[in-house]
Every structure is written in structure tokens, then in C-alpha cells.
Amino acid sequence: MQQDYGTLYVVATPIGNLRDISLRALDILASVDCIAAEHIDLTRHLLSHHGIHTSLMTLHQHNEHLVAEKIANLLASNQNIALVTDAGTPCISDPGAMLIHLLRSSGHRVVPIPGPNAAICALSASGIRSNSFFFYGFLPVKSGERKRCLTSLTTFPPCTLIFYEAPHRIVECIKDMIVIFGTHRQITLARELTKVFETFHTDNLENTLQWLLADENQQKGEFVLLLPPVFEENKATLSQDVRHTVQVLMNEFPLKQAVQLAVSITGEKKKNLYAYALSIKSD
Ligand code: SAM
């Protein structure tokens, strides 16, 4: 890469509260030659809130390929460009990856400017204790495909599942989750994060569905859905004695053998003990 080439900055922007933006992000947005934005009006609103007047161009999922070439040319003429999307971190359920792949493969410099992301924001304040999580993003729009995707996740190792969902599909999505995961699976809905109507709601899937149906206002806005691993629930349902037995056996035997012995000793279901044993191991 020649030294006088410009840089593409991938800049995270607020997911609601306009003040959730880093000082470095503001510096970059004020100093680049141009900002590629998903929706110019939304980004202009953010920029004018912070007194920034940098020129804008549109980059969205339908013109990304065309604009990528234009941005490569601007970088080649030593211009610096920032990439932003409507909210949060570009490329996370948002456009940008094709542009960045193209620029990186032709040797351009791409620099991330970290900041808000709805999934991490939701997880951070959910109270779910989970060392590992799987971010799925948006599930398919059609119920059949959605259920197939959810089914494929039932065989995952224990971890928190995180989804994005649109307000007009939230009820149908929860109904499909009930079909696949059962009525008692726990869920946290994180709605309108960092905004006036920010809401965290934690309950089982069936109660959550009833809660949504009882108040249409709770179906409005933007949602992150978090499903804690099943072992979190098992911890609550297994008695102290059973948990102690599993723990002692795991100190002496490999996991599989410890679980088999624990099933014989306690009479608990193998599935529950196995999930609990895995949770101890991952802790
Ligand atoms: N790039 C963004 C990020 O880093 O989180 C995500 C963009 S994706 C197109 C938009 C989805 O993110 C929404 O449909 C919603 O599921 C989630 N989301 C964005 N802002 C949110 C907020 N303030 N509260 C809850 N969910 C939000």
C-alpha cells in the first residue's frame, strides 16, 4: 500500500441516545473527507447534534458494490472516509462487509472505531450470567424457515442465544420459539435500549407472549431477544443435594462418567444433570 492512500474508518454510532458516541468517533467524523452513511438524513441528524458538517454519500445494501468502487478511488486519491450505518456498529446485521472485504483484499487500510452495539448493550444489562453467547441476528421472516433455524439451535452447546427482531414480527417470533423451545424456556426482551421507553422484561416464553399481547405498546420499537442457556434454568430446579453430588463426582471422574453415576445416585434426568455438569465445567 502506498503511503499517500487514505483510510476507511468503520465508525460505531448510537443505538438511540445521541450522546452514546466516543470522542474518537466524533474526531474522526469531523475530520474525514466524506462519510458513507446508510441513510443520509439519520446521520445528518446525529452530526448536526454534535456540530459536525462533513459531506455525506449513501451506502446501503443495494448500492454497496457500486459505492465500494467509488470509495476505493477516493482512498486512492488520499481521501479519508468514514463508514457509518443507521445505528450501532456497521456490518453487524448492517451493510459494510462487502465494501471492507473489497478494500482489504486490495490492500487498503481499514480502521475500526468501536462503540455501541444493541446485542452487547442488551446482554450487558440483562443479568444473564453467561461466559459464551451466540449472536444470530435476524431470524428468517417466514415462520417455516424461522422454525427450522430455531430447531438447528436446539443442539447448540449451552450458551446464551441472541436475536434481533422487528416490532411487527415480535409476537409471531415468540410463538415460534414456544413451538421449538417450549413454554418454559426463559427469555429476556430488551426493548428500545438507551431510549425513553427502554424496557427489560424477563420471564418464560409463554408469560412473555401473554405480556406482549396484553399491551400493544410493548410490541413497539426495537428488540433484542436473549435466551439464556438451559443450564441456567436447571441450576434453579436441581436441589442443593443433587448439585452437590454432581460437583463431588466431577472432582473425581471425567464429566460423562460423573453424570452417569449422578443419575444412578439421584434418579434425576440425565439431560438435566449433563447440562448442569457442563455449566460447572464452563464456569
Ligand atoms: N448494527 C446494529 C448494532 O450494532 O446493533 C444493528 C442494526 S440492525 C439493522 C437493527 C436491529 O438492531 C433492530 O431491529 C433491533 O433488533 C436491534 N436494535 C438496534 N437498536 C436497538 C435499540 N435501541 N434497542 C433494542 N434493539 C435495537
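Where is asparagine 117 found? Asparagine 117 sits in the loop between strand E5 (109-113) and helix H5 (118-124); helices (H or I, at least four residues) and strands (E, at least two) are DSSP runs, numbered from the N terminus. This is a predicted model, in which local features need pLDDT of at least 70, side-chain atom pairs count only at pLDDT 80 or more, and totals for chains, interfaces and linings use all residues. Residues are numbered from 1 along each chain as its sequence is written, and side-chain values use heavy atoms, with hydrogens and water left out.

**Asparagine 117**
- Asparagine 117 counts as buried because its relative accessibility is 13% (buried means under 20% relative accessible area, exposed over 50%, partly exposed in between; 1.4 Å probe, protein chains only).
- Not counting residues up to four places away in sequence, asparagine 117 touches Thr89, Ile92 and Tyr164 (contact means heavy atoms within 4.5 Å).

**Ligand surroundings**
- The ligand has 19 residues around it, of which Asp94, Asn117, Ala118, Tyr164 and Phe223 come nearest (a residue is near a molecule or strand if one of its heavy atoms lies within 4 Å of it).
- At least two residues of this shell come from each of strand E7 (160-165) and strand E10 (223-227).
- An N or O atom in the side chain of tyrosine 164 is 2.6 Å from an oxygen atom of the ligand.
- A polar backbone atom of isoleucine 92 is 2.9 Å from a nitrogen atom of the ligand.

**Isoleucine 265**
- Isoleucine 265 lies in helix H11 (residues 255-266).
- With 54% relative accessibility, isoleucine 265 counts as exposed.

Definitions and conventions
A polar contact is a pair of N or O atoms within 3.5 Å; within protein, one must be able to donate a hydrogen and the other to accept it, and residues adjacent in sequence count only if both atoms are side-chain atoms.
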